[in-house]
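Visitor: I would like to learn how to read a few features of a protein model. Could you take me through them one at a time?

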Amino acid sequence: MASDHATGTNAAAGTILGSLIAALRDKGGPLDGQERPAAVLWPDPDGEWRSLVGTLRERLPEFLVLGAYDEAARTGPAIWLRAVVDDESGASVSTAGRTPVLYLPGVSRQQLRAGDDCPDRLKPLVELLYRGAVWAHPNGREWTVRAFLSSPKSLGLDVADDVGTRRAMLQALPEVAVAPLDRLERRRLDADYFHRVLSPDPLRDVLQWLGEGDAMRSRLGPERWSAFRGRCRDELDFDPETEPDVAAGERLGCGEGEWARVWERFLEAPESYEWVADVLLRSRPAGVLPFESERWPDLNAEAEEVLRLQLEELRDLSHDEICRRVLEAGEEHGRRRYWVWARLGLSPMAVALAPLARLAAEARTTPAGATPGEIARGYVEHGWAADAAARDALALVRAADRELVAGVVRRLLLPWLEDGARAFQDAVEREALPGRGGQPPVEAHEDMCLLFVDGLRYELARALAELLETRGFSTDLRHRWAALPTLTATGKPAATPVAADIIGAELGGDFAPRFEATGSRVEAEALRAAMEERGYQVLAAGTLDAPLGSPALGWGEAGAIDKLGHELDAADFARKLRDELTALRDRIARLLDVGWKAVRVVTDHGWLLMPGGLPKIDLPRHLTVSRGARCAVVAGGARPDALIAPWHWNANESFAAARGAGAFLRSVDYAHGGLSIQECLVPDLTIQAALRREAAARVRRIVWRGFRCLVVAVAEAGRVSADLRLKSDPRRSVATAVRRLDADGSASLLLADDDHEQSRLVLVLVDDEGRILDRRETAVGEDS
């Protein structure tokens with residue numbers, strides 16, 4: 001009856017620790033109507049249960065320990081324990097009205113029963129053998145840990161009986177003791193299992209050890225360190241206590257056997273193990289073949305230096321030859337962009353080479369067309385990519401390589417820019433760009449907000465549209481012609497809904513038109529006042545962005561692109577543009593969130609960007625009234641060697657524009673005001689909050705490689721991620737991370753804990769809001 005009662009109590013306890021507490025308290029209760037014992041004696045001759053003392057002290061107020069006197073720890077010699085049992089100690093120790101449990105490490109039951117041969121230090125406890133109860137196996141022996149776990153009289157777990165298992169079990173006891181029993185009941189508990197409890201992820205731990213070294217041993221403590229060593233020896237054929245880090249580094253770099261799994265773990269989050277690169281630098285064996293070089297950072301570093309030399313050798317070559325060699329370098333070094341060293345920032349040249357190669361591919365084709373419209377079509381289709389690639393290359397380059405990369409950008413871009421600008425200028429001489437009233441006015445529809453962004457070049461608008469689309473917005477990118485010259489004073493009024501109220505009289509040095517009704521100069525505040533008179537709600541700093549009524553017309557301004565371009569050099573400007581685009585995306589999203597049904601982004605002009613400055617064109621100051629980088633107002637009667645073009649606001653007035661991609665001012669990286677497709681073709685971008693189309697996806701195939709689940713899926717729309725979950729708890733993820741499907745529909749998931757090796761799992765595909773799009777039941781090793 002007693003064992004049946006204990007079994008029922010254990011089943012309710014749910015853990016080894018709970019079962020142990022229940023068994024001890026059960027032993028301290030009354031039996032067959034008798035009084036409860038004075039104490040429960042728990043002899044443990046080998047001290048196997050010592051690791052649970054701290055936990056038991058917290059959970060059992062009646063728990064007392066034989067040892068050196070420490071009342072706060074409820075520990076003391078036999079005479080003190082006897083006094084507590086008899087309530088004679090006069091101390092503050094309380095057993096909360098329960099039968100005291102006396103844990104006796106290093107003491108056997110036989111010692112207590114030895115009579116006169118019992119050690120003097122234990123004799124005060126001998127009498128308790130008769131008034132108390134001894135917690136022991138039904139066979140009379142002390143409860144060992146293995147016996148308690150495996151005996152049919154207690155938990156009945158399947159525990160291996162060998163020296164290695166017993167050693168590992170005692171090391172892992174604090175962790176195993178709190179594990180759910182239902183998990184333990186489903187598996188054989190052997191040394192490998194207990195090592196996994198203490199070192200659940202040896203792949204991660206060995207990577208961590210490469211960085212911590214001996215400090216990891218101190219951090220883990222003896223039990224966990226021993227378990228870690230055991231798993232390393234068993235699974236990786238490596239002993240971190242006796243072998244150096246370079247031995248592990250060599251095996252990691254070679255990636256043979258189980259070390260391939262360590263490498264895969266490193267690839268999952270290399271930023272968490274940055275020190276691995278340093279270890280591998282000291283570990284590479286001689287004779288590594290070229291196709292094996294991916295795992296060795298020193299070989300990657302050598303390739304970086306080779307690439308630098310290849311780019312430096314371009315200085316005196318023709319443009320065609322430079323394009324060819326950059327493309328060849330892209331083929332040679334392109335694969336390194338996908339190596340782990342690029343993710344760790346150790347392949348800056350290989351990363352910068354990607355946009356350089358795109359620029360080289362585009363720069364081989366000279367922009368052409370008989371009319372501005374034909375050139376615009378070519379630029380919209382593909383020419384913009386050259387400018388975007390140059391910007392990307394400058395944004396990606398590190399300070400140490402800035403001069404080199406900027407020089408390559410200049411050699412690739414300048415001839416293409418020069419030819420393109422001259423072709424466009426020739427086309428404009430044949431067919432003028434539209435002047436005042438020559439294009440549909442910039443107006444807002446009902447509940448639309450116009451958002452003016454100074455200097456939003458066409459290729460930047462494409463990047464902005466892409467950022468918005470990834471946030472689920474609908475975009476419609478079109479284009480218009482900027483007002484000439486391509487300066488804010490001329491171009492901004494033309495991009496407003498009051499352009500029809502503006503005219504040009506005599507062209508002054510500031511290029512500003514005037515309001516037809518008043519003759520006053522068009523300035524920013526006057527423009528806003530005119531739009532308010534037209535019924536537009538002007539959004540200003542410190543005011544609400546939400547429409548004040550419906551229908552509403554809005555006007556707002558955002559961004560600092562033009563300001564930054566004039567203040568920074570080409571590389572710094574290119575880097576800042578990424579933040580500018582993100583800020584613009586967020587401002588547009590906010591406008592749509594607060595009630596505007598659409599946002600129409602307009603601008604005044606584009607610009608040219610050339611690291612090292614645009615070529616200087618001589619225009620004597622005495623021939624001009626005013627002079628900017630790309631345009632000038634010519635003094636009366638002067639005939640400079642420059643392109644002469646009509647002013648947008650009054651075709652009878654003209655200005656001088658720099659020919660080709662030149663500038664009237666020296667050392668200008670960023671400039672506008674002239675005639676080129678980059679300056680004159682401006683974006684007209686409309687954004688709406690699209691009706692969300694739910695992503696559709698389905699699982700096609702699941703393949704297991706050990707604890708790694710390889711997924712192949714079809715995603716028809718939207719962004720889709722894969723996750724592994726428990727069938728018994730479908731909200732609980734058991735993967736190390738949720739993974740986004742790659743462009744080809746694949747994803748790789750790693751099981752976070754081998755405790756789920758026998759569990760039924762569910763592979764789910766989810767959208768960004770966590771909605772399940774498809775699911776398939778699976779298990780480790782079960783391909784489908």
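Visitor: Let me start with a single side chain. Is Leu413 buried or exposed?

Guide: Keep in mind that this is a predicted model. To judge burial, look at the relative accessible area, where under 20% counts as buried. Leu413 has a relative accessible area of 3%, so Leu413 is buried.

Visitor: Where is Leu413 found, and which residues does Leu413 touch?

Guide: Leu413 belongs to helix H22, which covers residues 402–430. Leaving aside residues up to four places away in sequence, Leu413 touches Leu359, Asp387, Ala390, Leu609 and Met610.

Visitor: Now a strand, please. How many residues of strand E12 are buried?

Guide: For a strand, check the cover and then the two directions in which side chains point. Five of the five residues in E12 (598–602) are buried. Ala598, Arg600 and Val602 point one way, while Val599 and Val601 point the other way.

Visitor: Which strands pair with E12, and in what sense?

Guide: Follow the bridges on each side. E12 pairs with strand E6 (residues 448–453) in the parallel sense, over five bridges, and there Leu450 stands opposite Arg600. E12 and strand E19 (residues 681–688) run antiparallel and are joined by four bridges, with Val601 opposite Leu685.

Visitor: On to aromatic rings. How many aromatic pairs are there?

Guide: Ring pairs are read from the distance between centres and the angle between planes, and centres within 6.5 Å make a pair. The count comes to 25 aromatic pairs. Take Phe238 and Trp259: their ring centres are 5.9 Å apart and their planes stand at 80°, so this pair is edge-to-face. Phe238 is in the loop between helices H13 and H14 and Trp259 is in helix H15, so the pair ties together parts that are 21 residues apart in sequence. Phe238 is buried at 1% relative accessibility, and Trp259 is buried at 4%. Elsewhere, ring pairs link Trp42, Trp49, Phe63, Tyr103, Trp135, Trp143 and Phe148 into a cluster.

Visitor: What lies over the face of Trp607?

Guide: That is Arg457, at 3.8 Å from the ring centre.

Methods:
Residues numbered from 1 in each chain as written. Predicted model: local features only at pLDDT ≥ 70, side-chain atom pairs only at ≥ 80, totals over all residues. Heavy atoms only, no water. Phe/Tyr/Trp six-rings, centres within 6.5 Å; stacked < 30°, edge-to-face > 60°. Buried < 20%, exposed > 50% of the residue type's maximum accessible area, 1.4 Å probe, protein only. Lys NZ or Arg CZ within 6 Å of the ring centre and 35° of its normal. Contact = heavy atoms within 4.5 Å. Pairing = 2+ DSSP bridges.
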